[in-house]
Amino acid sequence: MAVSEPDRSTAADEAGAAAEIALLGQPNVGKSTVFNTLTGLRQHIGNWPGKTVGRKEGWIELEGQQQRLVDLPGSYSLTAGSEEEQIVRDYLQHQQPEVVVFLADAVALERSLYLLSEVLALHKRVVVGLNRVDVARRHGIHVDAQALARALGLPVVPLVARDATGISELLASVEALRRAPERCQPSPPQVRPRSAAALARIAERIRPAAPAPYDPHWLAQKLLEGDPQVREWAEAWLSAAEWEALDDELHRHEEVVLDILGARCDWVQSIVQAAVERPRAGQASWTDRLDRVATHSVGGPLLLLALLAGVLGLTFQIALPLQGWLDATVVQTAAAGAEALLAPAPGWVSGLVVDGVITGVGTVLTFLPILAIFFTLMGLLEDSGYLARVALLLDRLMHAVGLHGKSALPLTLGLGCNVVSVVGTRIIESRRERLLTILLAPLVPCSARLAILAVLAPIFFGDWALLATLGLIGLNLAVLAGLGLLLHRTALRGESSAFLMELPLYQRPQLRTTMYHVYAQLKEFVHKAGTVIVLAATAVWALSSFPGPGIESSALAQIGHWMAPLGDLMGLDWRLIAALLSSFVAKEVAISTLGILYGLGEGAQGLAEALPAAVGPASGLAFLTVAMLFIPCMATVAAIRQETGGWRWPAVSIALLLGVSVLGGIAVYQGALLLGLGGGA
Amino acid sequence: MKRFHWTAPPAAQEGHAIEDEGAGSGAGSAASHPLHELPPGTQAVVQGIDGGYRSLDRLSALGLVPGTCLQVVRSSRRGPILVQVHNTRVAVGRGQADKVRTAPLGEPQAEERRWP
Ligand SMILES: Nc1nc2c(ncn2[C@@H]2O[C@H](COP(=O)(O)OP(=O)(O)OP(=O)(O)O)[C@@H](O)[C@H]2O)c(=O)[nH]1
Ligand SMILES: [Mg+2]
């Protein structure tokens, strides 16, 4: 998030050396869809603006040669506002791709052309992919590709990226352009002569100081547009006196910005008039009908609640029996098999494999059905376009904590994984709001914690499981709101910034796209189980088995006993404390730790029997409360560090959540005791 | 901070307007209202943008520029306004909506206000 320094070294080194093709366009136009089709990779696709963060690279074959293809984040303009805009324009200037494939939206051509006019100021070798012609056709909009190509002076290829229509023509066009770059004869917007003179004078002032690859004309234009980053650069490049003179000149020509914007709009308009035929009468589309309910001030929030409840309900309904079955058959069978197989080996080997790895990782792997169904349902909601409406619905709530609707999007995505929401905060432009959202993100119950709830709530509470689950989720959201209010009043004070967001048209979700995404997420989960979680389970097993004899004299028990005073307040014995601590590695590890600690000595018997005997409902409730509110997992901490550029904010996040979760645990345990729920172990 | 008043030049005003049904019924003539004062269903043409550099950049990049036709889909006393512009939908926070000066094109369409 730090102000990115213009990186001067890469420009000269890489220009020419790495001839690559770049995909550019506004958010949600279909860049990643094209990227995936061309490279066979699986970038995240969904129907809301801002999914791709940072640039993603892959390889394609062009004329028998491997060429690098770069998928860039979407942006609406190239004035430095958000990080994404900076990424795109830095990329264009420093990397100087051989060809830019600019994806335009046939449905909202004006918006695409506005961005294109800015791109053309930095790069001329552009092929325009006119995407979403299927949706345009359905809306009765006809874009004449040939007329568009003539008006732009650029090759134009109509596309339906969603079903790969036109992709080979697009490649052919890129190849043709590489052979004959002179085919591009764009005529970018022209400002009025008086403004042009001012632009030229400012360009002259900055020319001597501007390092390669920056074009003085472009810099002058951005200065007049009030671009904060270019202003910073200019101030650094020029001497104090020179900067003052330049700033003076900028002040005198302040109104030129209107001419620059006006010229762009006129340019866009002239091209639209040449190429687009509009529908006569607008018939009510699906989006109209659905939005009448989905964005209604009463109906909207109700629908949102119903959908989320539906997703959770359906997930648990379908997945829990599967989960229990997997646990009972696969894990137990594997454990029994391994035990028999390892009988001749020394005792600790079988202990490690059976009690450590199989119990630990096995329990985590039984989460798979829960995650698969949850990710699928969320993915369908995402691809339908509904998810973006959450931003609109929650805008008012978000204002209460000094945020606005856009923050609701990354937070909602946090239901899948908090890392995604931390990285997803890039769509938020104000630094203060971004930090606040990042600090709140770990309080969104992620799928791993939902799975923990799904598994443990029935064990602890039997028939009351559903109520407890909803209560715990509600508690998390309440704490999120409370912490938001507190931070907004104290450390991160400030007004919410401007809320302006495009809401995509609804579309029928594509099962194939969603399933690829689900598959990628599950693969990552299995991979995590195979690496981090195996290690964690092994470590937990070792700590709980040595020096021995018996679990009560293990190293882990020692650590647990130190924390006993705190644990007593929350009704947590040392094993539950150990499970919580281990959840820092990954939330799921809490389950594997419980499996190991409660399963030890009793053979692989499954948590379902061992836990209720050992842990009373009050302690169970306190445990789940702390687990739900606990410090972010390792991966989330790493993401926070990366996104905030230092250790300060991860440390703040850990400290805050540690305090919140311990307080929550104490309050819930003591409250539960008062209400007469059975106590600790 | 500098606040601009960006208005379409008179010549452009008609050229910009997108030929929607109902457009042309006297664009420049009606009194101007900030976007958030328009009742749901109203069609209007953007007359001007009053705002600083950031707002000008954001609004114009999303296509909310002088001369553009839009229709208010959803608007309530508080919270963001949902508008239909360039065949897509844009949620506009109240702060931003205040910066968009519009001229309504006739009465709101009754059909738009009905529950489906
Ligand atoms: N109907 C239709 N939908 C499309 C087409 N191309 C892409 N989509 C859908 O549009 C949505 C956005 O596609 P993405 O490829 O994720 O868009 P992007 O440009 O990478 O978006 P960001 O990374 O957020 O900037 C997805 O739901 C796609 O399935 C198309 O030609 N027709
Ligand atoms: Mg993308």
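Reader: Asn87(B): buried or exposed?
Author: Buried, with a relative accessible area of 17%. Buried means under 20% relative accessible area, exposed means over 50%, and partly exposed is in between, with a 1.4 Å probe and protein chains only.

Reader: What am I looking at, and how is it labelled?
Author: This is a predicted model, in which local features need pLDDT of at least 70, side-chain atom pairs count only at pLDDT 80 or more, and totals for chains, interfaces and linings use all residues. Residues are numbered from 1 along each chain as its sequence is written, chains are lettered from A and ligands numbered from 1 in the order in which they are written, and side-chain values use heavy atoms, with hydrogens and water left out.

Reader: Back to Asn87(B). Where is its place?
Author: In the loop between β5 (81-85) and β6 (88-92) of chain B. Helices (H or I, at least four residues) and strands (E, at least two) are DSSP runs, numbered from the N terminus.

Reader: What does the side chain of Asn87(B) reach?
Author: The backbone oxygen of Val107(A), at 2.9 Å. That is a polar contact: a pair of N or O atoms within 3.5 Å, where within protein one must be able to donate a hydrogen and the other to accept it, and residues adjacent in sequence count only if both atoms are side-chain atoms.

Reader: And Arg77(B), buried or exposed?
Author: Exposed, at 76% relative accessible area. Arg77(B) sits in the loop between β4 (69-74) and β5 of chain B.

Reader: Ligand 1 now. How many residues surround it?
Author: 25 residues do, and the closest are Lys31(A), Thr33(A), Thr52(A), Arg162(A) and Gln507(A). To be near, a residue needs one heavy atom within 4 Å of the molecule or strand.

Reader: Which side chains have an N or O atom facing an oxygen atom of ligand 1?
Author: Thr33(A) is one, at 2.5 Å. Arg162(A) is another, at 2.4 Å. The protein buries 99% of the 660 Å² that ligand 1 exposes when taken alone. Those areas come from the Shrake-Rupley method with a 1.4 Å probe; for residues, only the protein chains shown count as cover.

Reader: Which element gives the most to the shell around ligand 1?
Author: α2(A), with three residues.

Reader: What does the shell have by class?
Author: Eight nonpolar, 11 polar and six charged residues. Here Ala, Val, Leu, Ile, Met, Phe, Trp, Tyr, Cys and Pro count as nonpolar, Asp, Glu, Lys and Arg as charged, and the others, Gly among them, as polar.

Reader: What coordinates the magnesium ion?
Author: Ser32(A) through OG and Thr52(A) through OG1, at 1.9 to 2.1 Å. Ser32(A) lies in helix α2 of chain A and Thr52(A) in the loop between α2 and β2 (56-62), so the pair ties together parts that are 20 residues apart in sequence. Donors are N, O and S atoms within 2.8 Å of the metal (3.2 Å for Na, K and Ca); water is not among the atoms, so sites may look incomplete.

Reader: Ser32(A), buried or exposed?
Author: Buried, at 7% relative accessibility. Thr52(A) is buried too, at 11%.

Reader: Aromatics. How many pairs does the structure hold?
Author: Seven, over all chains. The rings of Phe374(A) and Phe375(A) have centres 6.2 Å apart and planes at 55°, so the pair is tilted. Rings of Phe, Tyr and Trp (its six-membered ring) pair if their centres lie within 6.5 Å; planes under 30 degrees apart count as stacked, over 60 as edge-to-face and the rest as tilted.

Reader: Which residues form an aromatic cluster?
Author: Tyr214(A), Trp233(A) and Trp237(A).

Reader: Where is the cis peptide bond?
Author: Between Ala212(A) and Pro213(A), with omega about 0°. Pro213(A) lies in the loop between α8 (193-206) and α9 (216-224) of chain A.

Reader: What about the phi of Glu63(A)?
Author: Positive, about 50°, although Glu63(A) is not a glycine. Most residues other than glycine have a negative phi. Glu63(A) is partly exposed, at 39% relative accessibility.

Reader: Last one. How many residues of helix α27 of chain A are buried?
Author: 11 of its 11 residues, 589-599.
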